[in-house]
Amino acid sequence: MISATIQTVLQQICNSFSPVINSDTLPATPFCVHEEKVSSPLRDKEGIYGFDYDLTVVVVGDTDSQVDPIVESIIETIEMLSNSTIDQASFESSTGLQYDNENKRFHNQLNFKLLTNNL
């Protein structure tokens, strides 16, 4: 459910998105890559009632002007998922805009914390 929600959000913002990238064939820019990991289940005396996820999104573009507006849109949109599809979504950190000399592309990695509740 979390993956489908994140993919829907990214599909609306990025031209291309993927949960994984084959480094031999990179998609057209700008593109986003994302990964969700369960960092811990949320438990009480009756069992698991939700999950704590770490979400990483990397935005890649040929220019900084391609990356920056997408980064801003992703942060805003993911945080707007709080109390709707996801119980809590918060922006944690960013690597800031960086340039990859090998691939000749700009990128910015965004880190979020997502909490879901099964109740």
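**Chatting about strands and a disulfide**

Author: Strands S2 and S3 (residues 47–61) pair in the antiparallel sense over 13 bridges; two strands pair if DSSP finds at least two bridges between them. This is a predicted model, where local features need pLDDT of at least 70, side-chain atom pairs count only at pLDDT 80 or more, and totals for chains, interfaces and linings use all residues. Residues are numbered from 1 along each chain as its sequence is written, and side-chain values use heavy atoms, leaving out hydrogens and water.

Reader: ok, and what counts as a strand or a helix?

Author: Both are DSSP runs, numbered from the N terminus: helices (H or I) need at least four residues, strands (E) at least two.

Reader: how many residues sit between S2 and S3?

Author: Two, and the strands form a hairpin. Within S3, Asp 54 is the bridge partner of Lys 37.

Reader: switching topic, which residues does the disulfide join?

Author: Cys 14 and Cys 32, with S to S at 1.8 Å. The definition is a pair of cysteine sulfur atoms within 2.5 Å.

Reader: what does that pair tie together?

Author: Cys 14 lies in the loop between helix H1 (2–13) and strand S1 (16–18) and Cys 32 in strand S2 (residues 31–44), so the pair ties together parts 18 residues apart in sequence.

Reader: is Cys 14 buried or exposed?

Author: Buried, with a relative accessible area of 4%. Buried means under 20% relative accessible area, exposed over 50%, partly exposed in between (1.4 Å probe, protein chains only). Cys 32 is buried too, at 0%.
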